[in-house]
Amino acid sequence: MRYWQTAALGIGCFLLASWYSTSIVLGDDGQVLILNAATEPVKNGQLEVCGQKFLFGEIEQGNTKAIHYKVRADSSYKLEVEFHSGKKFEQELGNVTNGLDYEDILTLNDRDVSLTR
């Protein structure tokens with residue numbers, strides 16, 4: 001009797017681990033371009049999406065940075081930016097839904113950011 005309980009527990013753990021690792025490996029993909037349309041260069045910033053944090057450095061005026069991420073859960077974009085002048089802003093926008101691929105553009109201007117899908 002004890003053998004069957006141990007075997008059932010082992011099989012259950014194996015199936016749970018297989019399901020979890022498959023969902024991570026085969027997760028949906030996301031890409032976001034950060035476009036600097038502000039009147040000054042970006043000194044540095046951070047983007048957080050789906051529990052993943054991405055630090056990015058300088059973005060000159062008119063240039064972009066591409067960030068690739070895995071869509072692992074429902075989320076939104078949280079962007080923190082510091083310009084060369086020392087001005088900073090933080091904004092949360094958009095939504096990302098598990099089960100879909102995303103290609104978005106976050107356009108920075110001097111006071112805020114907008115999302116284009």
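Glu103 is found in strand E7, which spans residues 102-108; helices (H or I, at least four residues) and strands (E, at least two) are DSSP runs, numbered from the N terminus. The model is a predicted one, in which local features need pLDDT of at least 70 and side-chain atom pairs count only at pLDDT 80 or more, while totals for chains, interfaces and linings use all residues. Residues are numbered from 1 along each chain as its sequence is written, and side-chain values use heavy atoms, with hydrogens and water left out.

Glu103 has a relative accessibility of 66% and counts as exposed (exposed means over 50% relative accessible area, buried under 20%, partly exposed in between, with a 1.4 Å probe and protein chains only). Residues up to four places away in sequence not counted, Glu103 touches Gln31, Thr116 and Arg117, where contact means heavy atoms within 4.5 Å. The C-alpha atoms of Glu103 and Gly30 are separated by 5.9 Å, although the two residues are 73 residues apart along the chain.

Strand E7 belongs to an open sheet of 4 strands with the order E4-E1-E7-E8 and mixed pairing; two strands pair if DSSP finds at least two bridges between them. Strands E4 (64-71) and E8 (113-116) stand at the edges with a single partner strand each, so one side of each is left without a neighbour in the sheet. From one strand to the next the twist averages 20°, with axes taken as lines fitted to C-alpha atoms and angles running from 0 to 180 degrees between N-to-C directions. Strand E1 (residues 28-36) pairs with E4 in the antiparallel sense over 8 bridges. Ile34 has Lys65 of E4 as its bridge partner.

The count of aromatic pairs comes to 2, under the rule that rings of Phe, Tyr and Trp (its six-membered ring) pair if their centres lie within 6.5 Å, with planes under 30 degrees apart counted as stacked, over 60 as edge-to-face and the rest as tilted. Tyr69 and Tyr77 have ring centres 6.1 Å apart and planes at 85°, so this pair is edge-to-face. Tyr69 is buried, at a relative accessible area of 3%, and Tyr77 is buried at 0%. Phe83 and Phe89 form a tilted pair, 6.0 Å centre to centre with 40° between the planes. Phe83 is buried at 0% relative accessible area, and Phe89, at 13%, also counts as buried. Lys87 lies over the face of Phe83, at 5.2 Å from the ring centre; a charge sits over a ring if NZ of Lys or CZ of Arg is within 6 Å of the ring centre and within 35 degrees of the ring normal.
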